[in-house]
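Dear colleague,

Here is the structure I said I would pass on. My notes follow below it.

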Amino acid sequence: MYIAVLSFKFDGVDNLPPGRNAFNISPDWSISAPGRGRCWTKSAWAEDRNGNSWRIRLCRDHLPGNGSDEAMISFVLDKEEQEDSSSGATKFAIVLRDANGSVVKESTIESSHISLHCKGFVEQQFVLDNDNNILVGGALHIDLVIQPEQQVSRSCVSSQNTLVINLLKLLESGGMADLSFKFSDCIVVAHRFVLAVNAPGILQFFEDDYSIPIENTSSEIFRHVLRYIYGGGPPEKAFVLEHALDIMDVADYYNVVGLKLEAEATLVASRSITVANVVEYILFAEIFRHVLRYIYGGGPPKKDFLLEHAMDIIDVANYFGVDGLKLEAEATLVASRSITVANFVEYILFADAKECALLKKYAVSVFIARSKDVINSESFMELAKSPKLMKELMLSVVDYGGTPPIEGDDFGMMSVITLRKRLEEKGLDIDGSKEMLISRLESAD
């Protein structure tokens, strides 16, 4: 995947007048609204590796209705040449640097249109203030980061089926039930074969009986636990918040694995039960239900949920060995182009720890394109925890000279998507780091 970083230079910014209607300015600036006499513009061009010419117009103007005479610097972006007619959202970032090359401000815009207006990007006085060390010889330097939409191939796609739906109908109707739980107000029935697979801890209470009394919880909470065991969705949010402690107690008592693991993870992380832990518990339970639903053939969650909780889903799916869902979440995360300078370290460490080859490849591409910014970021020193990963990143810049690698016939030059496709064709496992994928292909040959 190609991430372009283009540099633009605007000379004579130190000559911009401070007032709203000032006209004493260099002739190489133009007025885009002569009648109003307040919007001075200058253009700069840069060319990407595909031969497309990009233009950024710097505009010194005033934002309507801001109640201030303070002049603002805005930017208008457009592309003079169209490489092709393909559609899709592109993510742009306009980056302001100081004289030392450090990032001072960054604004990100995602759009399917090439012409964009980044209004009120920065105050003119901030740029002109010598204490901020922004201008270099009176010139303003701006970087444009371009991330086109990536068509990420899903390596594993599960077909939808009605298994979970039918199991829930069976639970609700009570048809073919061969077990029952006696409460003070009602009897709840269930099916031995479902409990044997998903909640064997409950079966141990039956021994040779077909019916047992339940006294440690209400029938309402127990029905929700059974629904979870049958692969259904979580209870209403308000119900979970109100009965969170009771739900955790029942899950632990009957050894319902999903709920028990979630409670343990929350307690280890916080050492106490708080409101924050309850919310965290609900999220984990919801994620585990999606994992369970995927195992039963229900397919991945909706895209919005998958993107919002991608890292948590990858973590849980990786822990339980649900490779298909892990790859789905990874592909969705890469397609969203969510890695920035600020969160790069978090993503690269996560991708390396969870052996997410495609996500790690994307993170390395971001580092190749913006290595200086990443190195100067506050979180970069956290990479010192992984000397091996630090070495990989340094070698990636040396090997590719600031541009992503061109794919060749050698396994080491192939993209992760290509490696997974080769493995899939051979009927081999497609999960793991890039090194693991290459090793499997070499062993197969």
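Of the 445 residues in the protein chain, 47% count as buried. Please keep in mind that this is a predicted model. The chain has 17 helices and twelve strands. Its accessible surface comes to about 22,300 Å², and carbon and sulfur atoms hold 51% of that. Among contacts in the chain with a separation of 6 or more, 62% are between residues 24 or more positions apart.

As background, nonpolar side chains in soluble globular proteins tend to be buried together.

Phe181 is worth a look in the viewer. Leaving out residues up to four places away in sequence, Phe181 touches Cys186, Ile187, Val188, Ala190, Leu195, Ile202, Phe206, Ile212, Ile214, Phe222 and Leu226.

Is Pro213 buried or exposed? Its relative accessible area is 58%, over the 50% cut-off, so Pro213 counts as exposed. Pro213 is 26 residues from Ile187 in sequence, and their C-alpha atoms are 9.1 Å apart in space. Ile187 is also one of the residues that Phe181 touches.

Regards

Note on methods: Residues numbered from 1 in each chain as written. Predicted model: local features only at pLDDT ≥ 70, side-chain atom pairs only at ≥ 80, totals over all residues. Heavy atoms only, no water. Helix = DSSP H or I, 4+ residues; strand = E, 2+ residues; numbered from the N terminus. Buried < 20%, exposed > 50% of the residue type's maximum accessible area, 1.4 Å probe, protein only. Contact = heavy atoms within 4.5 Å. Areas by Shrake-Rupley, 256 points an atom, 1.4 Å probe, with all protein chains shown as cover.
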